[in-house]
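My entries follow the display.

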Amino acid sequence: MQKILVVDFGSQYTQLIARRLRELKIYSEVCPWDEITDIENVEGFILSGGPESSNIEGNPNINSKIFDSGKPILGVCYGMQVLAFQEGGQIVNEGKKEFGHAQIKMESKSSIFDDTDNNFSVWMSHGDKVESLPEGYEVIASSDNSPIAAFQNQVKSYYGLQFHPEVTHTQHGTQIIKNFLKSCNVEPNWDSADILHQIDIDVKESVGNDRVLLALSGGVDSTVLAAVLYKIIGKNLTCVMVDHGLLRKDEAKNVIANLYEKIGLKVYLVNSQELFLGRLEGVTDPETKRKIIGNTFIEVFEEESKKLDGIAWLAQGTIYPDVIESAGNSKSKAKVIKSHHNVGGLPERMNLKLLEPFRMLFKDEVRKIGKELGLPHEIVERHPFPGPGLGIRVIGEVNKERLERLREADHIFLSELKNYDLYYSASQAYAFYMPIKSVGVVGDNRIYADVIGLRSVNTTDFMTAKATNLPHDFIEHVSTRIVNEIDGISRVVYDITSKPPATIEWE
Ligand code: XMP
């Protein structure tokens, strides 16, 4: 299949470039700059931004195979500078950073700016800049701070942009990417039918008549994966859902009923609530809770799988952002803030082969597939839910009483968001439990009880997020319901902190 390769130099926007291409129905992959091997079927390269300086020995550079291929190149920010540098230009750092909106002005005609304007606003984020161009290159746009804000070598179809076309703040950003794709001669033909067809071929080829086990969490990715695999291998798929007692209200029941009613798939439910809650007794540290939940999950799952005969594969709903993030690149290793887990560690322990049909897909692509297979909107478009579940939403020690109250509060919050048509405009919303005492008055009585927090965020990538601007009346209504309907809760608060500095989950 024809593709565009996004060469990753460590920018926070790299994934966004690949997503923009997929939105334009062009298949794209992200590859760290120092891991490029196979460039067969690559019709063009987009070089991402990055945190380094291009003119320092040993810093990330463009693999010579890319130049040898003769295919078009679009360099963005660092990608632009390193392209200029390796082609013989000069890069300088004057100690001045340009960050935020800037106005660019056309200096010369270029197909990369077809159907845009003579002046428009772009998003800049750089310290270094291109001082002089290599031979054969010309300036095509400038800004006040960057006389060389864009350049081209028309003969080679090499383009450089100091700004970020992949970011929505850049006007005409999508048009610029489309213009680059024209020079690559790629057909926009990547859609959900294609994706499904490809998965069908791959799964049949690798799995054949083997049996496959799937750990269903009830999240979008594993639920859609269950539907996809059931369509391809039918009864050779066994789905197991572990109820660790940390699920939301009616969660297991709804997921299982939906899969059965919509596509006829039966899911085995394992009730391990007592085991999980027993192990969590007295534990307050978030990372310890995560580890206990993760390890117990593996244990239970391993135990259950022993009851099944002849399983050769374990299927997981890993998606592309997980793959990109865990690969990282040698110069941009991110720090561990929280040890997220899904079912990592399972395949080796159980001696199973790993099947990850979504490892090249973004979440919106998984959602499209789910829709195509007839899964209901409320499953396909639901907000993400963390693997450790309510275990990290009861702050401090987790126990049945707290979980019960939290489940009710969360249910009230989410169902009211749906009633008020607000659920789908938020990216993730949930209630959390704060075991701190607050005084309240109910009727003529004083109460001294715990607090429920509400959090709702908007984000595209879950790496940065802003609190949803929920109407005050709405929050007040939810708060009244929670305090009135749930014994043991005296107060409700709404968290308005952005990420960063806060994270989305409290623990
Ligand atoms: P944070 O709290 O890190 O959350 O800002 C970002 C996104 O990740 C989800 N999250 C998790 N998902 N296992 C998961 O599968 C985890 O341990 C975990 N912790 C956070 C969180 O719900 C949000 O969508």
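Entry 1: I worked from a predicted model. I looked up the strand order and found an open sheet of five strands, S12-S11-S10-S13-S14, with parallel pairing. From one strand to the next, I noted an average twist of 30 degrees.

**Entry 2: S10 and S11.** How many bridges join S10 to S11? I found four, between residues 211-215 of S10 and residues 237-243 of S11. Within this pair, Val212 stands opposite Leu237.

**Entry 3: helices on the sheet.** Helix H6 (residues 220-233) lies across S10, S11, S13 (311-315) and S14, and runs at about 165 degrees to S10. Helix H7 (residues 251-263) lies across S11 and S12, at about 165 degrees to S12.

**Entry 4: S15 and S16.** I next examined strands S15 (residues 428-442) and S16 (residues 445-458), which run antiparallel and are joined by twelve bridges. Ser438 stands opposite Ala449 of S16. The two strands form a hairpin with two residues between them. In the turn, I noted a positive phi of about 60 degrees at Gly443.

**Entry 5: further partners of S16.** Five bridges join S16 to S18 (residues 489-494) in parallel, and Asp450 has Ile489 of S18 as its bridge partner. S16 also pairs with S17 (residues 466-467), antiparallel, over two bridges; there, Asn458 is partnered by Lys466.

Technical notes. Residues numbered from 1 in each chain as written. Predicted model: local features only at pLDDT ≥ 70, side-chain atom pairs only at ≥ 80, totals over all residues. Heavy atoms only, no water. Pairing = 2+ DSSP bridges. Axes fitted to C-alpha atoms, helices over the stretch in contact; angles between N-to-C directions. Contact = heavy atoms within 4.5 Å.
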